[in-house]
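Subject: Structure handover

Hello,

Here is the structure I said I would pass on. My notes follow below it.

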Amino acid sequence: MRAVAAGLVAACCVAAVAAAAATASAPPRPDARAWLVLNPATGEVLLTHDARRRVPIASITKLMTVIVALGRLKLDEVVRVDPRAAEVGQESIYLEAGQEITVSDLVKGAMIQSANDAADALALATAPSFADFAVLMNAEARKLGLTDSHFVRPDGLDAPGEYSSARDVTRLALVAMRIPSVRAAVDEVSDTIEDGTRSLHTWDDLLGVVPGVFGVKTGHTSAAGWNQVSAIRAEGTTVYATILGSPSRGRRNADLQTLLAYGLAQYREVDPVTVGRHYAAIALPYGKGSLALVARTGLNAVVRVDEPLTERVVAPTAVALPVRRGQVLGQVEVWSRGRLIGKRALVATRSVSKPDLVGRVGWYARRTVHHVVDLLP
């Protein structure tokens, strides 16, 4: 095969540039202190407001608590509930001092029902005091690059000097969702622990109601307001949205749904590579004409609605014989603003054999005669 040519760079757009109505209209503006919408697959921030503002985040703090605890405790490990955890107020699963319970059940209690006693029991099973556990939390925050965060309590109850930001909360949620037990827990509307003797129910009002939502964590205190980081998946796209400091539970829920819908509306699913389409034709030797190249498999991709796609076909100008049907001889690439979306192989549509010696000599003879004739006046 000869050297690959520069490629036939198609000037045509594979997909239209027409934007959806959601992108044409003004982005939503929730009634909250801060918010952020992110595509975790690409890292694109789709919408943001005061995302670095340091504010209290209430029970979203429990994501960090579970990350730290599970870095040191095993899910099947049985721990004894510390009296300090049993005494904590507000949301609770009513743990008793000295009670023995698995780490797995405490994780579910902290993640599903946002129980303060479950979070505190995890913390005190990991470190001798809340202050010592906070040291571990802040060390983990530095490790994860959460530069707008400082943790004081494992349960997220109001405490002086405790804060985070919409940016950090979103990053924290992404890290927590890499842990299988956390990911499974926050996707449950209800569950049971302690061998089915105790029931849990989520505080996430969108889970099980808004199609595609699969977590992540809510939080509320008088100082923090109503907070939530949520994740949704639809038509091949995953979007995370964080809202902090909403004035009411209803307002938070409505605004969060708007943010999630806006994030999903920024993307569309396309099929830019067509199976069987002729993308190139390459010359064959010995007067055998040309050989068409087609895509063997299609390409499904999720792209921004406002970004055009460009295809680039890379194929040789000529090919040596023999060629067999289905042989890979090039590729088609799909690009969007300098980013490779995907590529697919281009294959020969038919087999072409190499002529025998007599055939090759005959072809060279005919070509020589043709050139001589062209030189005659």
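Accessible areas here come from the Shrake-Rupley method with a 1.4 Å probe. On that basis, the accessible surface of the protein chain is about 17500 Å², and carbon and sulfur atoms account for 53% of that surface. Please keep in mind that this is a predicted model.

Overall picture. The protein chain holds ten helices and 17 strands. Of its 377 residues, 49% are buried. Taking contacts between residues at least 6 apart in sequence, 64% join residues at least 24 apart.

Largest pocket. The space in the largest pocket is about 260 Å³. Its lining consists of 17 residues, and those nearest the pocket centre are Ser-59, Glu-91, Ser-114, Trp-203 and His-220. By type, the lining has nine polar, five charged and three nonpolar residues. Strand 8 (213-221) and helix 9 (249-265) each contribute at least two lining residues; strand 8 gives the largest share, with four.

Helix 4. This helix spans residues 103-112 and is mostly covered, with eight of its ten residues buried. The buried ones are Val-103, Asp-105, Leu-106, Val-107, Gly-109, Ala-110, Met-111 and Ile-112. Ser-114 follows helix 4 and has a positive phi, near 55°.

Regards

Definitions and conventions: Residues are numbered from 1 along each chain as its sequence is written. This is a predicted model: local features need pLDDT of at least 70, side-chain atom pairs count only at pLDDT 80 or more; totals for chains, interfaces and linings use all residues. Side-chain values use heavy atoms; hydrogens and water are left out. Buried means under 20% relative accessible area, exposed over 50%, partly exposed in between (1.4 Å probe, protein chains only). Contact means heavy atoms within 4.5 Å. On a 1 Å grid over the protein atoms alone, a cavity is a set of points where a 1.4 Å probe fits but cannot get out, and a pocket is an open set with protein on both sides within 12 Å along at least five of seven lines; lining residues have an atom within 4 Å of a point. Grid points are joined across faces, edges and corners, and a volume is the space filled by probe spheres set on the points. Ala, Val, Leu, Ile, Met, Phe, Trp, Tyr, Cys and Pro count as nonpolar, Asp, Glu, Lys and Arg as charged, and the others, Gly among them, as polar.
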